[in-house]
Amino acid sequence: MLQKIITILSKYTKADPTLINQDTVLTADLGLSSYDVVSLVTDFEDEFDIEIPDKDIKLFQTVNDIVNYIEASNEE
């Protein structure tokens with residue numbers, strides 16, 4: 001799952017995908033804007049067949065936040 005998330009993230013940033021890890025901060029380390037994050041959410045919803053409410057988008061600060069959220073969503 002982490003690799004799929006990194007692949008999606010790499011479409012939105014010029015950062016080297018090999019340097020993206022679970023501790024990577026979306027805005028500070030990858031330079032993503034809030035618009036980028038909203039666009040990412042759409043890709044995550046499609047890739048992992050989940051729905052992410054708008055209120056939950058603010059929870060995504062690091063790659064690990066995304067991993068934990070998607071894992072929890074898949075357990076439901």
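Modeller: Before we start, buried here means under 20% relative accessible area, exposed over 50%, and partly exposed in between, with a 1.4 Å probe and protein chains only. This is a predicted model, where local features need pLDDT of at least 70, side-chain atom pairs count only at pLDDT 80 or more, and totals for chains, interfaces and linings use all residues. Residues are numbered from 1 along each chain as its sequence is written, and side-chain values use heavy atoms, leaving out hydrogens and water.

Colleague: Thanks! Which residues of H2 are buried?

Modeller: They are Asp36, Val37, Ser39, Leu40, Val41, Asp43, Phe44, Glu45 and Phe48. Helices are DSSP runs of H or I with at least four residues, numbered from the N terminus.

Colleague: And what do those buried residues pack against?

Modeller: Helix H1 (2-10) and helix H3 (63-75).

Colleague: What comes just after H2?

Modeller: Asp49, with a positive phi of about 50 degrees.

Colleague: New topic: what does Ile52 touch?

Modeller: Leaving out residues up to four places away in sequence, Ile52 touches Val41, Phe44, Glu45, Ile57, Phe60 and Tyr69. Contact means heavy atoms within 4.5 Å.

Colleague: Phe60 and Tyr69, are those buried or exposed?

Modeller: Both Phe60 and Tyr69 are buried.

Colleague: How many aromatic pairs are there?

Modeller: One. Rings of Phe, Tyr and Trp (its six-membered ring) pair if their centres lie within 6.5 Å; planes under 30 degrees apart are stacked, over 60 edge-to-face, and the rest tilted. The pair is Phe60 with Tyr69, edge-to-face, at 5.2 Å centre to centre and 85 degrees between the planes.

Terms used:
Helices (H or I, at least four residues) and strands (E, at least two) are DSSP runs, numbered from the N terminus.
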